[in-house]
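The following account leads the reader through a single protein model, from its sheet to its cores and then to its side-chain pairs. Please keep the sequence and the coordinates at hand while reading.

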Amino acid sequence: MQFLVISRRLTDKFSEADFEPIVPLEGARARYLYSIGFTRQIWHRGDQPGACQIVEADTLEEARAHLSTLPMAQAGMIEFDIIPLKPYAGFAPQPVQSTS
């Protein structure tokens, strides 16, 4: 199952100086999660500090467990919205209409 994960840094509680030493560790862990097939795509947010990603997991709990291994999550410096995704119904085969 795929999930859309929207994260945001808690900049109201932590300064840029607090985040700075964790950023390289976060990047390394993100690369690992990508290498095992959990993270499928990832982007930086353009509106605020954080990221959006598509992840693959069997359950919501499994997705949360992988995300909890990120250093910023472990430090309580980031929040996640995790949204389960379903296939888009508009691409499903449509019944053929008879012309007679």
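In which sense do strand 1 and strand 4 pair, and over how many bridges? Strand 1 and strand 4 pair in the antiparallel sense, over 7 bridges. Two strands count as paired if DSSP finds at least two bridges between them; strands (E, at least two residues) and helices (H or I, at least four residues) are DSSP runs numbered from the N terminus. The model is predicted, so that local features need pLDDT of at least 70 and side-chain atom pairs count only at pLDDT 80 or more, while totals for chains, interfaces and linings use all residues. Residues are numbered from 1 along each chain as its sequence is written, and side-chain values use heavy atoms, with hydrogens and water left out.

An open sheet of 4 strands has the order 2-3-1-4, with antiparallel pairing. Strand 2 and strand 4 stand at the edges with a single partner strand each, so one side of each is left without a neighbour in the sheet. From one strand to the next, the twist averages 15° (angles run from 0 to 180 degrees between N-to-C directions, the axes being lines fitted to C-alpha atoms, for helices over the stretch in contact). In general, strands of a sheet pair through backbone hydrogen bonds, either parallel or antiparallel.

Strand 1 also pairs with strand 3, in the antiparallel sense and over 7 bridges. Within strand 3, Gln53 stands opposite Val5, and Ala51 is the bridge partner of Ser7. Towards strand 4, the bridge partner of Arg9 is Ile78. The two faces of strand 1 can be told apart: Phe3, Val5, Ser7 and Arg9 form the covered face, whereas Gln2, Leu4, Ile6 and Arg8 form the uncovered one. Helix 3 (residues 60-67) lies across strand 1, strand 3 and strand 4, and runs at about 155° to strand 4.

The interior comes next. A nonpolar core is a set of buried Ala, Val, Leu, Ile, Met, Phe, Trp, Tyr and Cys residues joined through side-chain atoms within 4.5 Å; buried means under 20% relative accessible area, exposed over 50%, and partly exposed in between (1.4 Å probe, protein chains only). The largest such core has 10 residues in all: Phe3, Val5, Leu33, Phe38, Val55, Ala57, Ala63, Leu67, Leu70 and Ile82. Strand 1 and helix 3 are the elements that give two or more residues to this core. Leaving aside its neighbours within four places in sequence, Leu33 is in contact (heavy atoms within 4.5 Å) with Phe38, Thr39, His66, Thr69 and Leu70. In soluble globular proteins, nonpolar side chains tend to be buried together.

Charged side chains supply a further set of links. The structure holds 5 salt bridges, each defined as a side-chain nitrogen of Lys or Arg within 4 Å of a carboxyl oxygen of Asp or Glu. In one of them, Glu79 pairs with Arg8, the closest N and O atoms being 3.2 Å apart. Glu79 lies in strand 4 (residues 78-84) and Arg8 in strand 1 (residues 2-9), so this pair ties together parts that are 71 residues apart in sequence. Glu79 is partly exposed, with a relative accessible area of 36%, and Arg8 is partly exposed at 22%. Arg8 and Glu79 are also linked with Asp81 in a network of salt bridges.

Arg9 forms a salt bridge with Glu16, with 3.7 Å between the closest N and O atoms. Here Arg9 is buried, with a relative accessible area of 18%, whereas Glu16 counts as exposed at 52%. A salt bridge between Arg40 and Glu56 has an N to O distance of 3.8 Å. This pair links distant parts of the chain, with Arg40 in strand 2 (residues 39-44) and Glu56 in strand 3 (residues 50-56), 16 residues apart.

Finally, the structure holds 2 aromatic pairs. Phe14 and Phe19 form an edge-to-face pair, at 6.1 Å centre to centre and 70° between the planes. Rings of Phe, Tyr and Trp (its six-membered ring) pair if their centres lie within 6.5 Å; planes under 30 degrees apart count as stacked, over 60 as edge-to-face and the rest as tilted. Phe19 is buried at 0% relative accessibility, while Phe14 is partly exposed at 22%.
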